[in-house]
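Take a look at the model below.

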Amino acid sequence: MDLPPFETHAVDNQPPPFAPRDLWRDDLALREAMAREGASAFSGRIAEYGALAGSMLYELSFDAHRDRPRLRTHDGSGHRIDRVEFHPDYHAIMRAAIEHGVAGLSWAEPVPGAHVARAALSYLHYQAEPGSSCPLTMTHAAVPVLRRESGLAEWADKAAAPHYDPRDVPVAEKPGITLGMGMTEKQGGSDVRANTTTAAPVAAHASDPSDPYLLVGHKWFFSAPMSDGFLVLAQAPGGLTCFLMPRRLPDGARNAFALVRLKDKLGDWSNASSEVEFRGARAWRVGEEGRGVATILEMVMLTRLDCMLGSSGLMRMALAQALHHCRHRVAFGKPLLDQPLMRNVLADLALEAEAALALSMRVARAVDAAPRDPAEAAFARVATAIGKYWICKRTPAFVNEAQECLGGNGYIEESLLPRLYRQAPLNSIWEGSGNIQCLDVLRALAREPATGQALWNELQLEGGPAYATAIETLRAPLQGKAPIPEAAARTFVESLALALQASVLLKAANPIAQAFCRSRLATPHSLAFGTLPPDLPLAQFIARAA
Ligand SMILES: Cc1cc2nc3c(=O)[nH]c(=O)nc-3n(C[C@H](O)[C@H](O)[C@H](O)COP(=O)(O)OP(=O)(O)OC[C@H]3O[C@@H](n4cnc5c(N)ncnc54)[C@H](O)[C@@H]3O)c2cc1C
């Protein structure tokens, strides 16, 4: 006999599904930043990717993330294969990203504004699926390094090409490739001079860059190990040197490196990060022997910009989830969005997210203009370190606050927030952890006075009393008249970052600019989110973000 159904309760007062949604159309701050920073010509394509990222890519991201990559060291017969298998949705996401130019647009179409447009793509992509952003970023950032060697033109061109080909075959057989990098070793990551991996020239008197070297040693972190090639630092006879190490040799043979195991990571699960041993792996020199750090520096600047964009994207996605929930969830008789204290939290998050994006896109314009304009090159050099430090540092606290807006649901995997939360600390750790960024800012100011001048020029504008006071404290250090002690570097770089964010908002006459100055530059101000002065037009800030 069928039992009658027991109606225990009606499902009520839960928000509708978040997606599909159009991440471009919903994001006024992004649209304004694109126009402001000179990438309007690309709007149509970015709009297309924003719609895709908020629908298909968002959907695919769940399985790509849940079903983690697996390492297969050997095949069934016992031959080494050193392959990582991914969920098919990971490949679908990578294909869409590469075909839309997330890795290569700025190199494939090198016109003014292309770096800004690619920055927008990177920001949108990170919102949908941050794990795959790692190989996309490294592929993008490796191109200018590879272009230093004419013999590696095929590599550079294929990395910039809008084709994804995950087959494990030699580069000559592929229309498009991806790249990784290997710097960090067990005994030292930040201090790469401690690298012990050696590179011995195969020929007794190697002088031509096409002469191969043999690498022997290890890397403790080696992400995206299915990439077609890797920029690797190793000790050559002339000192620490940058090398391109292919996965497959031109004759099709596996190169002599072994993937030891995959890292069991806090988050970033769709992306594989490995430990690797080089057992006489063949590699070609990029740049001069002994100039490894200088050679790879351009790549590092670009990856730092992507860390800024990625963390800005995480903030935006966390904010969008929080706004969505609070609009639909009623507590104590009215939607959370209409509760004054929740409004303060959401408005404060909205300010933070927009300021992060605004600075990231301003820096993307500097990267874009750098080849044509030395002042912009100097600005990009130092602003990537400043922005990476501050934006990435703010993201974990930001995502946690957004989680709290969802209450218990924000701690449960079916909401996106736990995934965002696990991802949030990564950008501040890799590509130079916080202290390293701050020390790099001090180094740049001390050794390259043009960087201090570029920052000072950038800050010159009329922004009201809080802004004026804030930048006055920066005058002497930026003009080289008051060196900052190492132990004070974080305080100094934070002040610089806030002043730069304020300056971008002020220059744009952005309606949130004065609220940003009052809440971040004026003293005293509170430290937690949700502590904006209550007389500010909070509802207006929320409407702008929503
Ligand atoms: C998921 C993931 C993927 C990664 N993928 C790659 C990859 O593909 N390729 C690669 O090469 N690396 C990769 N890394 C490594 C990453 O870049 C390093 O972990 C990072 O640069 C820090 O190096 P470390 O771990 O050796 O820490 P350390 O260098 O030991 O630093 C530890 C701490 O000390 C601080 N510190 C260091 N020196 C100073 C100083 N002089 N003054 C004050 N503080 C200091 C640092 O800021 C850091 O906070 C990855 C890391 C992670 C987590």
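What follows is a short walk through two places in this structure.

This is a predicted model, where local features need pLDDT of at least 70, side-chain atom pairs count only at pLDDT 80 or more, and totals for chains, interfaces and linings use all residues. Residues are numbered from 1 along each chain as its sequence is written, and side-chain values use heavy atoms, with hydrogens and water left out.

Start at the ligand. Around the ligand there are 20 residues, each with a heavy atom within 4 Å of it. Met183, Thr184, Gly189, Ser190 and Ser223 come nearest. By class, this shell has nine nonpolar, nine polar and two charged residues. Gly counts as polar here; Ala, Val, Leu, Ile, Met, Phe, Trp, Tyr, Cys and Pro count as nonpolar, Asp, Glu, Lys and Arg as charged, and the others as polar.

Four elements each supply at least two shell residues: strand S3 (179-182), strand S5 (212-223), helix H12 (426-429) and helix H13 (434-447). Helices (H or I, at least four residues) and strands (E, at least two) are DSSP runs, numbered from the N terminus.

Now look at single atoms. A polar side-chain atom of Ser190 lies 2.5 Å from a ligand oxygen atom. For Gly189, a backbone N or O atom lies 2.8 Å from an oxygen atom of the ligand. Met181 places a backbone N or O atom 2.9 Å from a ligand nitrogen atom.

Next, find Trp390 in helix H10 (residues 374-405). Is Trp390 buried or exposed? Trp390 counts as buried because its relative accessibility is 8%, and buried means under 20% relative accessible area (1.4 Å probe, protein chains only). Leaving aside neighbours within four places in sequence, Trp390 is in contact (heavy atoms within 4.5 Å) with Glu352, Glu494, Ala497, Leu498 and Gln501.

Definitions and conventions
A polar contact is a pair of N or O atoms within 3.5 Å; within protein, one must be able to donate a hydrogen and the other to accept it, and residues adjacent in sequence count only if both atoms are side-chain atoms. Buried means under 20% relative accessible area, exposed over 50%, partly exposed in between (1.4 Å probe, protein chains only).
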